[in-house]
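Please look over the model below before reading my notes on it.

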Amino acid sequence: MPSDLLFIRGPFIALTGVPAGEPRSRLESTAGWRSLYTGVRDVLGEGHQRPSPGRMDMGAASLWGVRKAPCAVELAVLNSGITGGRRPISFSTRTSSIFGSGGDHKKKLFLQDIAELIRARACQRVLVMVGAGISTPSGIPDFRSPGSGLYSNLQQYDLPYPEAVFELAFFSHNPKPFFTLAKELYLKNYRPNIIHYFLRLLHDKGLLLRLYTQNIDGLERAGIPASKLVEAHGSFASATCTVCRRPSSGKDIWADVSMDKIPRCPVCTGVLKPDIVFFGETLPQRFLLHVLDFPMADLLLILGTSLEVEPFASLSEAVRSSVPRLLINRDVVGPFAWCPRSRDVVQLGDVVHSVERLVELLGWREELQDLIQQETEKLDGRDG
């Protein structure tokens, strides 16, 4: 397994020479800054500034390892278009006091302050990071809970360790445990919950800059367009042959998986692997959008994640220090625990209850209820 990890702080990207799975503290102590990279233009398409002519090869993002990226860009390229261009906002007295006078960002914030910033549209570029904690209310088991987590349920297959189910070497030797997990995740017809619909409402109101998810269940797709979504660890929406690399729709594998068969390529009979990011694999190209998104954000919401898996976890530190960060989670995690900022807000406890509280403070309760009813009726009609 590659030993280099991707580490991110602010808009910068650094490579570290520590083995996979080392504590974050060691990642920081050994980090050596390198140049910026990006294939962002390829993701965003035409109409965006080209990278600087001065290019150099760079390590691209992977879950635990490093792959080559096509080019590097200078910080000036990233900064272009990030500042300016906002519509002038007339702040209420309360909102102005939240921001502080004279640029003072040291005032302690609370959940109601975050709600006030959103209500006043003082924050219009909201970034969201989510993990498994937003899927468990839909009935999807998490990975690590003893006795009930997905890893525990895979022990009958004599895994050397639970994470082996997401390792290519083990998958090549025995793909059965992975497809058992895939069947559990995908074929039980799980539905979005109130958290997913809250995120949908953020988008509908024009406030969502981008939603970054670690989840592979696809529930974040509930009305949020692909352009607003970064599935950092891939999804089941597509699959690729492990031998001839022929791409196919994810739908092509589920007839076999539902009957506990290994899906095979119709051309070469190789195993069809869903495009889920395994340890050591390159993250999807869209993950590179973080290079532009995080310096641009004016609010960061983090829901239901342990902030343990890199490079996703370090995105929580990539917004500017003046940007409020709201963590809604069962526990204090990541930089909120070991390097908190003055404008952090931590809302602990049940994630659903915390989101419901935020919705109440925003005055969105009726809108959210109407949205849930409307989308539930659609799903009932589809599944009926």
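Predicted model: local features only at pLDDT ≥ 70, side-chain atom pairs only at ≥ 80, totals over all residues.

1. Residues are numbered from 1 along each chain as its sequence is written, and side-chain values use heavy atoms, with hydrogens and water left out.

2. The protein chain has 14 helices and 14 strands, where helices (H or I, at least four residues) and strands (E, at least two) are DSSP runs numbered from the N terminus. Of its 384 residues, 50% count as buried, that is, they have under 20% relative accessible area with a 1.4 Å probe and protein chains only. Among contacts (heavy atoms within 4.5 Å) between residues at least 6 apart in sequence, 64% join residues at least 24 apart.

3. Two packed helices are described by the angle between their axes and the distance between the axes. For helix H9 (residues 194-204) and helix H13 (residues 351-362), the axes come within 9 Å and cross at roughly 35°; axes are lines fitted to C-alpha atoms, for helices over the stretch in contact, and angles run from 0 to 180 degrees between N-to-C directions. The contact is made by Ile194, Ile195 and Phe198 of H9, together with Val351, Val352, Val355, Glu356, Leu358, Val359 and Leu362 of H13.

4. The second largest pocket has a volume of about 660 Å³. On a 1 Å grid over the protein atoms alone, a pocket is an open set of points with protein on both sides within 12 Å along at least five of seven lines, a cavity is a set where a 1.4 Å probe fits but cannot get out, and lining residues have an atom within 4 Å of a point. Grid points are joined across faces, edges and corners, and a volume is the space filled by probe spheres set on the points. This pocket is lined by 28 residues, of which Tyr186, Asp217, Gly218, Leu219 and Arg382 lie nearest its centre, and H14 gives the most to the lining, with four residues.

5. Which residues line the largest cavity? They are Lys176, Phe179, Thr180, Val257, Asp260, Lys261 and Ile262, and H8 gives the most to this lining, with three residues. The largest cavity has a volume of about 50 Å³, and the structure holds one cavity of 30 Å³ or more.
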